[in-house]
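Work through the exercises below with the sequence and the model at hand. Each task is followed by its solution.

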Amino acid sequence: MNFNDMSSFNKTIRHPWCRLVFPYLLIFLILEGIFGILLWRYLKEKEEFLLSRHIESLKNAYQVIVNNYKLASQIIYDEVINQPEIISLLQEAREPNAAEQQIVRQQLLEKLSPAYKRLQQHNLRQLHFHLPDGRSFLRFHRPEKFGDPLFDVRTSVRLANQQQRFVYGFEEGRIYNGFRYVFPLFATDNSADKKPIHLGSVETSVSYAAFKNEMASLFPGCFCFILRRDVVNAKVFQDEKSNYVPSNISDRFVTEAPSLQLKPRNLDCNIVTSLNQQLRSIVADKLKQGISFAKVVPATGDTPYVASFLSVKNFEGQSVAYIISYEIDRTIQGYYQTFYASLLGVTGTNLLLISFIAFAHRSYRLLRQNNDSLQQEIEARIIAERNEREKAAELSETLKQLKLAQAKLVQSEKMSSLNRLVAGIAHEINNPISFIRGNVQPAEEYLESLLTLIDYYQDRCCLDDRTLSEMFPDIDLDFIRQDFPRVLTSMKQGSERVRDVVQTLRNFSRLDESDLKSANLHEGLESTVMMIDHRLKSTNQRPAIEVVREYNELPFVECYPSLLNQAVLSILTNAVDALDSVNWFQVGENSGNNLCQMPTIRLVTAIAPGDTVMISIANNGPAIPDNLFDRIFDPFFTTKPVGKGTGLGLSTVYAIVVEHHHGKLTCQSPMNGETIFTLQIPIRQANYRVNHSAA
């Protein structure tokens, strides 16, 4: 196509008429394609079903004939072969003397020749005796050929003699191919054990020509039998290969020579040659696979044929031959006529449908044009309403953020004031306690000096304890000697306890550590636990709360110590509230084991992946309900009564862990397990900033 043609084509497709018609044409072609494919698939399914029926009919006819000849062979064996005089001759054939075997062979030939001729009249081609070792003893169709071993080329003979059982089926022989019926032969032993003597076997066979003639009487159509060329070359005597000629349907197969074939009973099958020529390229791959199948032969004139290929297997289960039937069947021709008629009807229906769609589309366009102005007005109103809703939502969100900021500011101020108060109280207590603790040691020394001095004066003045008691009846010197050191020791221990409490208060407030710095998390945890120590004691609803510590070695962590203590305090406070909500004594009575129902808070620390540390705070109180679980970190959300909770505790914890420390805060609360809050923060905040910038 040159440039002028392309330009003309572009102008044509831009024409308004083409732009209007093209979509409908495209829809029509799509519908035609869809329905055409569906009709074609339905046609092929019906065709496959019909072909499978042809194969099944051929298989049934084949099986009927095989069974009929099996019955006939059994009668021949019982009435003709398995007779005393024949069995007696076969017993003599067991002698290794060749001359004696030849005499027996001649006697068998004379006795059974009349019967063999009658068998030939009924299309039974062979009567063949074999010795127990598999050598041929007497072929009635070739008496001059005997003594050749058969076990290697005749599976049926080997099975009948080695397993001593009746076998039948198709097999290629040294001279003819055929359907073999092989019977083992036995003689009665006159010894004590009465064990039968195996004399060998005898077979009768039916040629395919006889099979074809019988099938023609049961099955309409013509028949052909083809045999694999390599099987014939491997088994047939060289001078008997003239009984086979190449098949005109495949070079891999041969068929019996015309001189061996019987004249068909009822049909002129000269057309088979022409049909085979048409099938030659169609069935080549199927024949290689050795499976049964059927094909529609391209019509010759007005007569359609179906060729059915029935795979024939030998005793080893190998496909070695095919029985082919050629049957006139006009059903498929009717299928195709129905297909074309249906396709024409679908085309007409599609044209009507496209016409209706075009009419409906035109009506829709007119209706849309009439409704454009109304739609624009509606859209304008919707936009205005949406804008108002957005403004209201923005104002609501702003108000919510202001309330949250105000609440956080108040909470922060409260915590800051609390920290300052705690730090001030700790400082005020620390000074007198330091004074008391510092003077306990000198007091102990002074006491020791005074007691030494008293002992000295007592010795110098010869005053015994009784005299001193009379002089100073209100003074028990021995008691003072024993009790006063204990008083000083108690004062020293009490001052040290107060000093520890003061140090805990200072660690919790951390006013001198409000900036980012490295801290020992275990010290912060212990100081926070000390802050709620008064709430851990037993009550009338529960025993004392046990705090289980599972600390692992941690490095110093870069954090905001005061904020982190506040977060831990909020979680511990909620844990104590949860444990207080249950009457543990009643739980213990109902469970029958109070020891298994001890209120417990478990603290776990460990190093976590990604250069982080993990703090896990668990309690065995009641689980968080599923309908509340997703809201526990929301600001102002609380399940406590009015006046007992602000709803900012866990939201503040979330802000401290996630926003200030760039960590993670998770919660797990299974119905029958512990409620676990897990805080995970980086060991170094600088590492987080570097990784976050790289990401």
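Buried means under 20% relative accessible area, exposed over 50%, and partly exposed in between (1.4 Å probe, protein chains only). The model is predicted: local features need pLDDT of at least 70, side-chain atom pairs count only at pLDDT 80 or more, and totals for chains, interfaces and linings use all residues. Residues are numbered from 1 along each chain as its sequence is written, and side-chain values use heavy atoms, with hydrogens and water left out.

**Exercise 1.** Classify Arg154 as buried or exposed, and list what Arg154 touches.

Solution. Arg154 has 3% relative accessibility, so it counts as buried. Leaving aside residues up to four places away in sequence, Arg154 touches His128, Glu171, Glu172, Gly173, Arg180 and Glu203, where contact means heavy atoms within 4.5 Å.

**Exercise 2.** Give the strand order of the five-stranded sheet and find its edges.

Solution. The sheet is open, with antiparallel pairing and the order β2-β1-β5-β4-β3; two strands pair if DSSP finds at least two bridges between them. The edges are β2 (136-139) and β3 (167-172): each has a single partner strand, so one side of each lacks a neighbour in the sheet. Inside the order, β4 (residues 177-187) and β5 (residues 197-206) run antiparallel and are joined by nine bridges. Phe179 is opposite Val206 in β5.

Notes
Helix = DSSP H or I, 4+ residues; strand = E, 2+ residues; numbered from the N terminus.
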